[in-house]
Amino acid sequence: MILGASGPVLTADEIALYRSERPWGFILFARNIGEAPQVSDLVAAMRDAVGRPEAPVLIDQEGGRVQRIRAPLAEKYPSAAELGALYAQDREKGLRAAWLMSRLHACDLLKLGINVDCLPVLDVPVQGASNVIGDRAYGFDPVVVSEMGQAAADGLKAGGVLPVMKHIPGHGRGMADSHHELPVVAASLPELEAHDFVPFRALRNELMAMSAHIVFTAIDPEQPATTSSKVIEEVIRGRIGFDGLLMSDDTSMNALKGTIGERARRIAGGGCDIILHCNGMMEEMKAVVEEARPLGGDALRRARAVEAAFGPGDGLDEAALRQEFWSLLSLA
């Protein structure tokens, strides 16, 4: 499991829970972010509680409207759609900008001890879809999304931060915001294969992915992808070919029904390797703990592959990278 925390400093109860249950990793949100020393201390305290100095600490640092770390700790970065607009003008400049922005994310995050970014967003929207993805997507063409997503993932890795691609097998057709209700997609399997799955198949060798809280009626009309063994086994592991660590999207999102414990049980039973719980509410975390299974088998193999991939960045000059990035963006 991956757990959040309630604020900028761990409570005694949080430390006790982490020590006894030893989550595989942690996730930070804006409520956890203050000044740089505070964030670094929080990250260190999380790792100290589980006794693992390189335990994964995740954050959603995409740019645009999804950017948990903001000024003065990080610049205000453009959205994926803005990078996509540059790609439309000049493919090579667009790809370079996507790489550079992720490389700069890595600069910002590693200074604070954060080693995983939930990026790239590989969802390919369709006209009329919910704005929950919207400008977080690189564009409406799956080939563009694939290329830009790969550049973004590569930029993170070059800077010593690991990517999490999301939201597999695709959130782009969702006509509802899965934070609040369950989207249902009625597209045929051939339509999904030709559009939604394409970027995930292209990046199938990445080490981590986050699931989509979406029902695909052509595959499993009853369960959203996150809790569907059919979607996970036949599509994510099968048709897409992803054999990396699969984590759920947030357990507390209202696309999922039932109590937190029931949701966590279905996530584990459906085939996700990791249950993600984000809001830091103690009673909810305790419910997740009750349902989480120890890592074993393929899930343990995948987790160890992630842990083995952490390493130093390429050492490139940050100031030069920033200058190049903003020069490219002035052309968009």
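## Reading strands and helices: a tutorial

Mentor: Ala-36 lies in helix H2 (residues 36-50). Helices here are DSSP runs of H or I with at least four residues, strands are runs of E with at least two, and both are numbered from the N terminus. This is a predicted model, in which local features need pLDDT of at least 70, side-chain atom pairs count only at pLDDT 80 or more, and totals for chains, interfaces and linings use all residues. Residues are numbered from 1 along each chain as its sequence is written, and side-chain values use heavy atoms, leaving out hydrogens and water.

Trainee: Is Ala-36 buried, exposed or partly exposed?

Mentor: Buried means under 20% relative accessible area, exposed means over 50%, and partly exposed is in between (1.4 Å probe, protein chains only). Ala-36 has 29%, so Ala-36 is partly exposed.

Trainee: Which residues does Ala-36 touch, not counting those up to four places away in sequence?

Mentor: Contact means heavy atoms within 4.5 Å. Ala-36 touches Leu-73 and Leu-112 on that count.

Trainee: Now strands, please. Which residues of strand S2 sit on each side?

Mentor: In a regular strand the side chains alternate between the two faces of the sheet. For S2 (residues 25-28), Gly-25 and Ile-27 are on one side, Phe-26 and Leu-28 are on the other, and all are buried.

Trainee: Which strand pairs with S2?

Mentor: Two strands pair if DSSP finds at least two bridges between them. Strand S1 (residues 2-3) pairs with S2 in the parallel sense over 2 bridges; Ile-2 has Gly-25 as its bridge partner in S2.

Trainee: What is the strand order in the open sheet of 3 strands?

Mentor: The order is S8-S10-S12, with parallel pairing. S8 (165-168) and S12 (245-247) stand at the edges with a single partner strand each, so one side of each has no neighbour in the sheet. S8 pairs with S10 (residues 208-211) over 3 bridges, and Ile-168 has Ser-211 as its bridge partner in S10.

Trainee: How do helices H3 and H4 pack?

Mentor: Axes are lines fitted to C-alpha atoms, for helices over the stretch in contact, and angles run from 0 to 180 degrees between N-to-C directions. H3 (residues 80-89) and H4 (residues 91-110) pack at about 150°, with axes 5 Å apart. That makes H3 roughly antiparallel to H4, a term for angles over 145 degrees. Residues in the contact include Leu-83 and Tyr-87 of H3 and Ala-97 and Met-101 of H4.

Terms used. Parallel < 35°, antiparallel > 145°, perpendicular 65-115°, else oblique.
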